[in-house]
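Hi,

Here is the structure I promised to pass on. Have a look at it first, and then read my notes below.

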Amino acid sequence: MLVKLKQLDSAFVHLKFWTLVLLAFCLSSSVVVVWLSFKAVNQAKQEVYLISQDQVLKAFANPRDALVNVEAKSHLRQFHQLLFTLSPDERLIESQLAESLYLGDQSVKFHLDNLRETGYFKKLLAANVSQRVYLDSIQLDETRGDYPFRVFARQEIIRSSSLLYRSLITTGNLRPIQRTPANPHGFLIENWEILENKDLYQKTR
């Protein structure tokens with residue numbers, strides 16, 4: 001009888017040991033699976049696939065700080081194109097000016113209001129004048145939180161009989177804001193002003 005009890009006790013110890021081993025294995029396996037799943041989800045969030053003309057392109061998501069320079073300059077380029085590349089079409093002009101107001105603060109609106117009061121856009125429409133802007137360079141100070149910038153550009157004003165070229169230098173600051181469909185880069189131009197806008201030369205067409 002005692003021998004049977006000893007055998008039973010030994011079997012219970014073995015069963016307890018292997019049960020603990022199995023439980024530890026299951027727990028460690030679960031932790032590994034959860035960790036691998038979390039890693040896969042994070043990796044998937046950073047990979048986007050785009051289809052363009054029957055080709056699959058892979059895009060990567062990066063922290064905003066890694067692309068501040070690119071996005072800020074793209075924002076400034078878009079803003080200046082909207083504001084200074086104009087055609088003699090009233091609806092198009094109004095649409096571009098309205099779009100530009102989403103990219104800047106009251107300093108931009110102040111400038112546009114001044115142009116409207118002086119009849120600049122009406123003169124452009126009446127004379128069938130179009131204008132284009134070419135950005136030469138953009139200086140951006142990324143070491144400061146308000147991202148001060150200076151844009152160097154040239155304007156080409158196209159009249160029926162001549163081409164007028166003007167220099168254009170603007171300055172201001174960029175404030176990071178939430179991205180929206182109207183402001184995809186998530187920057188707001190503040191304290192914007194035109195430092196220089198003078199004639200360079202003119203030539204006949």
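Which helices and strands do the buried residues of helix 2 pack against? Before the answer, some housekeeping. This is a predicted model, where local features need pLDDT of at least 70 and side-chain atom pairs count only at pLDDT 80 or more, while totals for chains, interfaces and linings use all residues. Residues are numbered from 1 along each chain as its sequence is written, and side-chain values use heavy atoms, with hydrogens and water left out.

**Helix 2**

Now the answer: those residues pack against helix 3, helix 4, strand 3, strand 4, strand 5 and strand 6. Helices (H or I, at least four residues) and strands (E, at least two) are DSSP runs, numbered from the N terminus. Buried means under 20% relative accessible area, exposed over 50%, and partly exposed in between (1.4 Å probe, protein chains only). Among the buried residues of helix 2 are Leu 76, Phe 79, His 80 and Leu 83. Helix 2 has 17 residues and spans 24 Å from its first C-alpha to its last, close to the expected 24 Å (1.5 Å times one less than its number of residues).

Take Phe 79: apart from neighbours within four places in sequence, it is in contact with Ser 100, Leu 103, Val 108, Ile 189 and Trp 192 (contact means heavy atoms within 4.5 Å).

**The core**

A nonpolar core is a set of buried Ala, Val, Leu, Ile, Met, Phe, Trp, Tyr and Cys residues joined through side-chain atoms within 4.5 Å. The largest one here has 30 residues, and Phe 79 and Trp 192 are among those that touch the most other members. Helix 2 contributes the most to this core, with seven residues.

**Aromatic pairs**

There are five aromatic pairs in the structure. Rings of Phe, Tyr and Trp (its six-membered ring) pair if their centres lie within 6.5 Å; planes under 30 degrees apart are stacked, over 60 edge-to-face, and the rest tilted. Tyr 120 and Phe 121 have ring centres 5.5 Å apart and planes at 80°, so they are edge-to-face. Tyr 120 is partly exposed at 29% relative accessibility, whereas Phe 121 is buried at 7%. Tyr 147 and Phe 187 also make an edge-to-face pair, because their planes are at 90°, with centres 6.1 Å apart. This pair links distant parts of the chain, 40 residues apart: Tyr 147 is in the loop between strand 3 and strand 4, and Phe 187 is in strand 6. Phe 79 turns up again too, in a cluster that ring pairs form with Phe 84 and Trp 192.

Cheers
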